[in-house]
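Colleague: I am new to this one. Could you take me through how its chains and pocket are arranged?

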Number of protein chains: 2
Amino acid sequence: VSGELMARDMAAQPAVLAELVRRREGIVSDLRRLAPAAPAGVVLVARGSSDYAAVFGRYAIEAAAGRPVALAAPSLHTLYGIDTDVRGWLAVGVSQSGRTPEIVTVLERLGAGGARTAAITNDGASPLARAAEVSVALGAGPEEAVPATKTFTAELAAFALVAEAVGSTGWSAADWEEVPAAVAAVLADSDSADAAARTLTDAPGLVCLARGYLLCVALEAALKLREAAALPAEGWSAADFRHGPIAASRREVPALALSASGAAAADVAALADRLRGWDVPLLELSDRPGAELPIPARPPEPLACLPAAVRAQQLALALARRRGVDPDRPAGLAKLTPTV
Amino acid sequence: VSGELMARDMAAQPAVLAELVRRREGIVSDLRRLAPAAPAGVVLVARGSSDYAAVFGRYAIEAAAGRPVALAAPSLHTLYGIDTDVRGWLAVGVSQSGRTPEIVTVLERLGAGGARTAAITNDGASPLARAAEVSVALGAGPEEAVPATKTFTAELAAFALVAEAVGSTGWSAADWEEVPAAVAAVLADSDSADAAARTLTDAPGLVCLARGYLLCVALEAALKLREAAALPAEGWSAADFRHGPIAASRREVPALALSASGAAAADVAALADRLRGWDVPLLELSDRPGAELPIPARPPEPLACLPAAVRAQQLALALARRRGVDPDRPAGLAKLTPTV
C-alpha cells in the first residue's frame, strides 16, 4: 500500500512523545548544566523540516530566554568561512540523521567561536551528536519514509525543552501530559483529512498561512504536501503574505489557515476572511468550532503545534493517496540530503 | 502605458545609488557613533521587500561584525508581548514608508530593552525614523508604483553601510563607485529581460534559486514577479530547496538560477544542472558567460546584488506587460501595509 511507511512513522508519534515527556526533566537538566545562566544569545542550525522545527524553537526560546534567537545562515560558515565571536551564546544544531555535513560544520565552528553547543538528533552516535557538548536524543526510532513526520514533532518537543532550560515558559508539566493524547486523538480520526484531501485533489497549489507559534506548522505543512503529495504548496506568515504575495492570490489556488486559540488567532482569521471575500477556497486547521481540519482545544498554544503538525501530515498522506503519488519515496529526494 | 510608474521608479536607481555612495562616509560615521564597539548581536526588523533587503543585511553584517544577526519575529513583541534584554545589541528597523506599525513597535521595544536603535527608511520624518537614535535616509524620493524597486536597492546599499559601520567588509570604496554604472548598464539593455519574459508568458510559476549573498535577490525576484506580474513565483535557498521542495519540481514550472562569481556560484550551478537534467526549463541571472539574464562582472559579490536585483525588476516589468497585468497597482496591495 502506498504510504504504508509514512503512516507507520506517523502512528508512532504518541509513543515517541510520551517517552520524551517521561524523559523531560532529565533532558532539561542536562541542557541547564550546559547553559547555567541566561545565554547572551542563541543560534539554531538546521535545514529542511528541521529548520521549520527551528522556527518553532526560535519563538519558544526567545520568549523564554528574553534574548534574540538567530537561525544560522550555514553558507556564511561553509562557503564564506567567516569567524564569529559567540562566547556566552548557546548554539543548537538539529538534524534527524545527524549527518548533514553543513549542520555539523556550522555547529563545530560556533563551538570554536566560544558557544556552548547542543545537538538535537535521532542518532545519538551521529557526527552531529559527537560534535556537541550535550546531545538530546529524539528516540523516535528509524524513520522509514523519506518525509520527516515523527522526527519533526519530536524536534518540536525537544525545542520546547531547550526553552524550558534557558528561561520560563508559559506551559506546565500538566500541559505536557496532554500532548501524546492530543496527537493520538488526531491520528484516530482521519475523516476530516480525507474530506479535505478530496477538495484538494485537483488543486494546482495551496497557500498555508499562520502567524506566531503556528507559523512553523504552516511552513512544515507546505513542505509535507510538496514532499509527500507533490502539491506545490507554500507556507507564509500571515503578515508577510499581506506585504506582497497576496497580489498573486487566485481563486484557483485554495488556502489553508492554521491557528490555535491564542494571541495570533485573530490576525489569521482576519486574513482568512479577506481571502474568502475574494472567493479563494479556504480550509481551516484550528481548534475553532467548524474548522475543516480540527485539533483538540488542549494543549494550549504553543504546544498545540504538535497535534496541528500531525493533522497536516495526515492531510499530506491522504492527498498523496488520492493523487496516486508515493509519499514514502518522493522523486528526487533521499532521506539524507548531503548539503555542504 | 502600463508599468509607467514602475519603469520611472526603476530608472531613478543609478542616481539614487550614486547619491548614497556620495553620502557613504557620513552615514557610516553616524552609525559608528551609535555603535562604537562591536555590538553583542544585531537584530533586523522588517517585512516584505524590506525583509528581503534584511536577508542581505543579515549576511553582510554578520560577516563584518563576526556576531550572529537575527531577523526579528515581530509577533513575539506585538502579539505575545515578550520582554527582551538586548543591552549591547544593535537593532535596525527597515521600512520604505517608516509607517508600518509593527516595525515601529518592535524597534521601540528593542530600544526599551537596551539596544541601540537605527532606522533605514525613505521618510526621515516618519514614526520609524523618530523612534530610532540614528536614521539613515534612503533619499530615493517618492516611490510611485506599489512594488518597491528603487527603495529596495537603496535598502541593500544602506545595509552594506551598516556592515561597514560595525566591522570590516570585503568591498572597497572603488567597488562602490562601480555600483551606479553597473545598475545603469542593466537598465540600458532590456533585450534580455524581454526575451526571458517571452519564455515565461504562459508559465504557471517560477522557482527562483540562489545561495549566500544572492539569496536576497532570489527572494525579492519572486516577490516582484508576484506583485508586478501576478506570477506565482517562489524564492528558495538552493540548499533548502534540495531538502524537500525539489520533490514537487515539475517540467512545467521553469526555474531561475541566480549567481555572481563567488563562493556560492558552484553550488547554484550544480543545482541548475540537476534541474536541467530533469528537463526543467532553466534561466540564469548571472555574470556567467551565456546567462540569459546577464549582469556585469563588476562590482564583486556581495555588491553584485544591486545590479542583479535591477535585472530581476526588469524581468518582472517585462513579464507584467506581456501578461497584460498592471504592475503599478497590483490587485489587493496598497503601498503601505499596516500590519501590527
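Modeller: A rotation of 180 degrees, with 0.0 Å of shift along its axis, superposes chain B on chain A at RMSD 0.0 Å (least squares on C-alpha atoms of residues with pLDDT of at least 70 in both). The model is predicted: local features need pLDDT of at least 70, side-chain atom pairs count only at pLDDT 80 or more, and totals for chains, interfaces and linings use all residues. Residues are numbered from 1 along each chain as written, chains are lettered from A and ligands numbered from 1 in written order, and side-chain values use heavy atoms, without hydrogens and water.

Colleague: As by what kind of axis are the two copies related?

Modeller: The rotation is 180 degrees and the shift along its axis is 0.0 Å. The copies are thus related as by a two-fold rotation axis.

Colleague: Which residue of chain B comes closest to the rotation axis?

Modeller: The distance is taken at the C-alpha, and it is 2.1 Å. The residue is B:Ala70.

Colleague: Through which surface do the copies meet?

Modeller: Of the interface residues of chain B, 100% are also interface residues in chain A. The copies therefore meet through the same surface.

Colleague: How do the residues lining the largest pocket divide by class?

Modeller: The lining has 32 residues, with A:Pro204, A:Pro232, A:Glu234, B:Pro232 and B:Glu234 nearest the pocket centre. By class, they are 22 nonpolar, four polar and six charged.

Key:
Contact means heavy atoms within 4.5 Å. On a 1 Å grid over the protein atoms alone, a cavity is a set of points where a 1.4 Å probe fits but cannot get out, and a pocket is an open set with protein on both sides within 12 Å along at least five of seven lines; lining residues have an atom within 4 Å of a point. Ala, Val, Leu, Ile, Met, Phe, Trp, Tyr, Cys and Pro count as nonpolar, Asp, Glu, Lys and Arg as charged, and the others, Gly among them, as polar.
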